[in-house]
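Biologist: Could you walk me through how to read a few features here?

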Amino acid sequence: MRDTRESRLLLILLVAVAFALITVDIKGGESSPLGGARRAAAAVLGPVERGAASAVDPVADTVRAFRDAAANNGRTDQLARENTDLRQKLASSDMAGGRTKQLDDLLRTAGAGGYTVKAAQTIAIGPAQGFSWTITIDAGSDDGLTRDMTVVNGQGLVGRITTVAPTTATVLLASDPGFSAGTRLEATGEIGFASGGGTSLMKVSLLNGKAQVKEGDRLVTFGSQSGRPFVPGVPVGKVVQVEANPGQLTKTVLVEPFVQFTRLDLVGVVVVPPRTDPRDAVLPPAPGPAAPASQNQGQGQAPAAPAAPAAPSAPAAAPPAKPTGGN
């Protein structure tokens with residue numbers, strides 16, 4: 001139909017009639033005169049609407065599924081990010097806790113030995129200058145470090161400094177096969193020389209071939225003149241095997257180091273040696289002899305007669321350290 005004046009008037013008339021019918025239908029409610037026509041139209045168009053809905057619903061469900069899946073994926077990604085953040089925070093917390101314990105152990109060792117130390121962190125591990133067992137620390141000549149200073153941690157002897165740069169230094173580990181340090185047995189004071197064993201145990205050659213030594217005996221550094229390269233009294237390790245070498249002038253023992261060289265993190269460089277030899281003061285209390293000593297004292301206090309033999313046994317545990325100190 002062409003757009004003419006008559007067609008416009010007809011369209012306006014039809015719209016007016018439609019509004020009038022709607023108004024009559026709304027006011028009539030259930031008794032509306034158009035109710036019958038509406039019901040007839042619903043009866044005719046209802047099946048068509050249901051058919052159209054059944055055809056369109058799968059498409060709509062698919063669209064909703066994609067929309068919900070996108071939302072779920074976004075939520076999953078958010079949860080994954082939150083879990084990652086939590087794991088990182090937990091790891092940082094654990095690392096901070098581990099560093100705090102390492103620092104506490106280092107300060108305890110330095111305090112017991114009378115060492116003045118410069119704390120440093122391991123920033124690299126691996127070959128350097130031809131050495132197979134070395135670490136690099138984040139302190140150097142700018143921090144007062146020089147060659148041949150002793151390096152320790154909370155467990156004992158780590159090694160000695162071999163090369164110094166302004167902000168870094170290289171440490172030769174006590175586990176290196178080319179490493180050598182003078183040692184002293186805790187109980188008897190027997191002197192020897194320890195050498196690194198790489199991934200194996202350290203080997204210590206005692207100067208006295210008849211020295212009395214057994215498994216579990218502990219060793220500390222003997223010390224060098226002016227504390228270079230080794231200060232005295234640093235824990236080295238414990239004896240795990242005594243090699244049979246009859247007729248030889250020296251005795252060889254295998255020693256398990258106190259330090260775990262593959263897990264080094266925080267270390268301390270001894271910048272000022274102790275004023276006096278700490279002897280065995282840096283070693284932790286031996287768990288074995290402590291319990292029997294307390295039991296002997298307890299038994300000596302109860303009966304009057306056993307008190308006399310118990311009295312010498314208590315001092316006997318302490319005096320060996322002082323007699324060997326005089327040697």
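Predicted model: local features only at pLDDT ≥ 70, side-chain atom pairs only at ≥ 80, totals over all residues.

Biologist: How many salt bridges does the rule give?

Modeller: Side chains of opposite charge can pair when their charged atoms come close. The rule asks for a side-chain nitrogen of Lys or Arg within 4 Å of a carboxyl oxygen of Asp or Glu. Here the count is eight. One of them joins Lys 101 to Asp 105, with the closest N and O atoms 2.9 Å apart. Both residues sit in helix 2, four residues apart, or about one turn of the helix.

Biologist: Are Lys 101 and Asp 105 buried or exposed?

Modeller: Buried means under 20% relative accessible area, exposed over 50%, and partly exposed in between (1.4 Å probe, protein chains only). Lys 101 is exposed at 52%, while Asp 105 is buried at 15%.

Biologist: Which parts does the pair of Arg 218 and Glu 186 tie together?

Modeller: Those two side chains form a salt bridge at 2.9 Å, N to O. Arg 218 is in strand 9 (residues 218-221) and Glu 186 is in the loop between strand 6 (180-185) and strand 7 (191-195), so the pair links parts 32 residues apart in sequence. Arg 218 is buried at 11%, and Glu 186 is partly exposed at 22%.

Biologist: What is the volume of the second largest pocket?

Modeller: Rolling a probe the size of a water molecule over the atoms shows where empty space is left. On a 1 Å grid over the protein atoms alone, using a 1.4 Å probe, a pocket is an open set of points with protein on both sides within 12 Å along at least five of seven lines, and lining residues have an atom within 4 Å of a point. Volume is the space filled by probe spheres set on the points, which are joined across faces, edges and corners. The second largest pocket comes to about 360 Å³. Of its 15 lining residues, those closest to the centre are Gln 102, Asn 153, Gln 155, Gln 260 and Arg 263. Helix 2 (residues 35-113) gives the most to this lining, with five residues.

Notes. Residues numbered from 1 in each chain as written. Heavy atoms only, no water. Helix = DSSP H or I, 4+ residues; strand = E, 2+ residues; numbered from the N terminus.
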